[in-house]
Amino acid sequence: FFLMIRRPPRSTLDRSSAASDVYKRQILLQRMEPESNEILCYSFNQELNCVAIGMKRSFHLFRCEDFALLYSYAKEGASIVEMAYTTNIISIVGTPEGTNFSPQKLTIWTTDTDVILCERSFLFKIEAVKVNKSRMVVCLKDKIHIYNTKNIKFLQEISAKLCLTRMALSPNSENCYLVYCGEAEGTVYVYDAQSLTHQDPIEAHDGAIVKLCINSAGNRIATTSIKGTVIRVFSLPKGEKLFSFRRGLSETQIFSLTFSMNSNFLSLSSISGTIHIFDLGGTSTSEDVDEDEKEIAPQETSIIGSIASTFTSLFGLSKPGDVGLKRACMTIKAPQFNTPNICAISQDNSFLFIFLRTGVWLTYKLDIPKKLAEFDKTTTVDKGISEPIEDQEGQNSDQEHYIETGKDNETPQYDGETQLNSSC
């Protein structure tokens, strides 16, 4: 049979009709609708006083104290933006749509003059970049590359299958430890990035580790597994267990895990919609109630705790030293916290900073000894980038402290997977 499609009269192409109106509305909406500029990455700097945000068509730096815009680049997007403390040096990994930046190229960028200081191209997509004053670490599909930060000279390559973004570099260049995950579930591999030597691994959990972080002094590591019920803190590099905390009994997805600058507290956010703050000074007790759990009568607590302890011991769900796990010293709950986010405590422990992947910035006033948290203010990325750029007088512009520029540096060695660029 033949299918006959009737062509609309010519008059309907330029006059009012149902078909032409729909067509015209579609064209109009396509012209009016802006291109998506979704958020791709977000991270705090090493001093927890700035946040870097990479978007599909731009990237920005904000000050945490008041979410003031410090730097904005709207010509191209970034999938990774890593700050070097509060200097004008940032590390950028681009998007597939980029022209100057790409997912397989690391670009060292200066924000005061918008100049490329150095570039490194790889055969595979860059999964993560971490920086301190002496080392730069680039994680690929199954390898980690270590560079000297001052001249971006290649130093070492480590095999790290299934590492992806599960790694952390100490902010302290003296205790310059790199920790990462591999094929062995629950194991954290420790590497001295200064002496380029492997240390004894840490058997942290039974299941796969999803989040890990190092404190500012570089002598502690915190970990949590895919279950998200227990958080453990170990010493570096020996791996001695210092603390074990119980977030809750129900499994959950962990979004963020961060030490405070003085290493006295640990903040954690999860899809449960609750932010937990753990006291590393030993003042929290196992009697603290977790908001994720239903209320239990006091006389039932010891019975249930005994049953849970026996059950976990029989089935190998706990580690030695986990008996009587401590609870969070305080929790903050809000519906929007179940959105992917990062959180951190301010340098003076008086504020909690939260950035949601939806582009919302939240600040809470903290009184941790009294277990009080008061909502302070909120804003958005869109509002922030519409404001004038804040004067960066307080930033350290001494670039040579991190990357030697304008000198005849030794050409970095070719490590087999990077295509060196002569701009370094």
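## Salt bridges

Glu119 is buried, with 9% relative accessible area. Buried means under 20%, exposed over 50%, and partly exposed in between (1.4 Å probe, protein chains only). Lys105 is buried too, at 15%. Lys105 and Glu119 form a salt bridge, with the closest N and O atoms 3.4 Å apart. A salt bridge here is a side-chain nitrogen of Lys or Arg within 4 Å of a carboxyl oxygen of Asp or Glu. The pair links distant parts of the chain, with Lys105 in strand E7 (residues 105-110) and Glu119 in strand E8 (residues 115-122), 14 residues apart. Strands (E, at least two residues) and helices (H or I, at least four) are DSSP runs, numbered from the N terminus.

The structure holds three salt bridges. In one of them, Lys143 meets Glu157, with the closest N and O atoms 3.4 Å apart. Lys143 lies in strand E11 (residues 143-148) and Glu157 in strand E12 (residues 153-159), 14 residues apart. Lys143 is partly exposed at 24%, and Glu157 is partly exposed at 28%. Arg63 and Asp66 make another salt bridge, with the closest N and O atoms 2.8 Å apart. Arg63 is partly exposed at 22%, and Asp66 is partly exposed at 35%.

## Basis of the model

This is a predicted model: local features need pLDDT of at least 70, side-chain atom pairs count only at pLDDT 80 or more, and totals for chains, interfaces and linings use all residues. Residues are numbered from 1 along each chain as its sequence is written, and side-chain values use heavy atoms, with hydrogens and water left out.

Strand E23 (residues 265-270) is mostly covered: six of its six residues are buried. Phe265, Ser267 and Ser269 point one way from E23. Leu266, Leu268 and Ser270 point the other way.

E22 and E23 pair in the antiparallel sense over five bridges. Two strands pair if DSSP finds at least two bridges between them. Thr258 stands opposite Ser267 in E23. The hairpin of E22 and E23 has five residues between the strands, and Ser263 takes a positive phi near 65° there. On to the next partner. Five bridges join E23 to strand E24 (residues 274-279), and the two run antiparallel. Leu268 has His276 in E24 as its bridge partner. The E23 and E24 hairpin has three residues between the strands, and Gly273 in the turn has a positive phi of about 85°.

## An open sheet

Four strands form an open sheet in the order E18-E19-E20-E21, with antiparallel pairing. Its edge strands, E18 (209-214) and E21 (241-246), each pair on one side only. Within the sheet, five bridges join E19 (residues 220-225) to E20 (residues 230-235). Ile221 has Phe234 in E20 as its bridge partner.

## The largest pocket

The largest pocket holds about 1600 Å³ of space. A pocket is an open set of points on a 1 Å grid over the protein atoms alone, where a 1.4 Å probe fits, with protein on both sides within 12 Å along at least five of seven lines; lining residues have an atom within 4 Å of a point. The volume is the space filled by probe spheres set on the points, which are joined across faces, edges and corners.

The lining has 50 residues, of which Tyr42, Ser43, Lys130, Thr165 and Lys211 lie nearest the pocket centre. E22 gives the largest share of the lining, six residues.
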